[in-house]
Amino acid sequence: MSLSTFNRRRSWAQENYPDWQKVFLASGRVDLKEYQKFETFRSERYYEDHESPYVKALRGD
């Protein structure tokens, strides 16, 4: 992962992911197991944010 991607993901995680410190370690490394959980969370959040308002209305959200 490039440094810019790392910084972008870390800043997003600090704002949105409650356990971001488990993912992005102080040494500048990433815990891979926690990173997989983070990526799942991030992709679900991204999907929800970009979901059609019509689908949300049908579900009753």
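**View 1. Salt bridges in the structure.** The predicted model holds three salt bridges. Side chains of opposite charge can pair when their charged atoms come close. The pairs are Glu 39 with Arg 9, Glu 39 with Arg 42, and Lys 37 with Glu 34.

**View 2. The salt bridge between Glu 39 and Arg 9.** The closest N and O atoms of this pair are 3.6 Å apart. Distant parts of the chain are linked here, as Glu 39 belongs to helix H3 (residues 32–49) and Arg 9 to helix H1 (residues 3–16), 30 residues apart. Glu 39 is partly exposed at 22% relative accessibility, and Arg 9 is partly exposed with a relative accessible area of 23%.

**View 3. The salt bridge between Glu 39 and Arg 42.** The side chains of Glu 39 and Arg 42 meet with an N to O distance of 3.2 Å. Both residues lie in helix H3, three residues apart, which corresponds to about one turn of the helix. Arg 42 has a relative accessible area of 23% and is partly exposed. Through salt bridges that share partners, Arg 9, Glu 39 and Arg 42 are joined into one network.

**View 4. The salt bridge between Lys 37 and Glu 34.** In this pair, the closest N and O atoms lie 3.6 Å apart. Lys 37 and Glu 34 are separated by about one helical turn, because they stand three residues apart in helix H3. Lys 37 is partly exposed at 47% relative accessibility, whereas Glu 34, at 16%, counts as buried, the limit for that class being under 20% relative accessible area.

Key: Residues are numbered from 1 along each chain as its sequence is written. This is a predicted model: local features need pLDDT of at least 70, side-chain atom pairs count only at pLDDT 80 or more; totals for chains, interfaces and linings use all residues. Side-chain values use heavy atoms; hydrogens and water are left out. A salt bridge is a side-chain nitrogen of Lys or Arg within 4 Å of a carboxyl oxygen of Asp or Glu. Helices (H or I, at least four residues) and strands (E, at least two) are DSSP runs, numbered from the N terminus. Buried means under 20% relative accessible area, exposed over 50%, partly exposed in between (1.4 Å probe, protein chains only).
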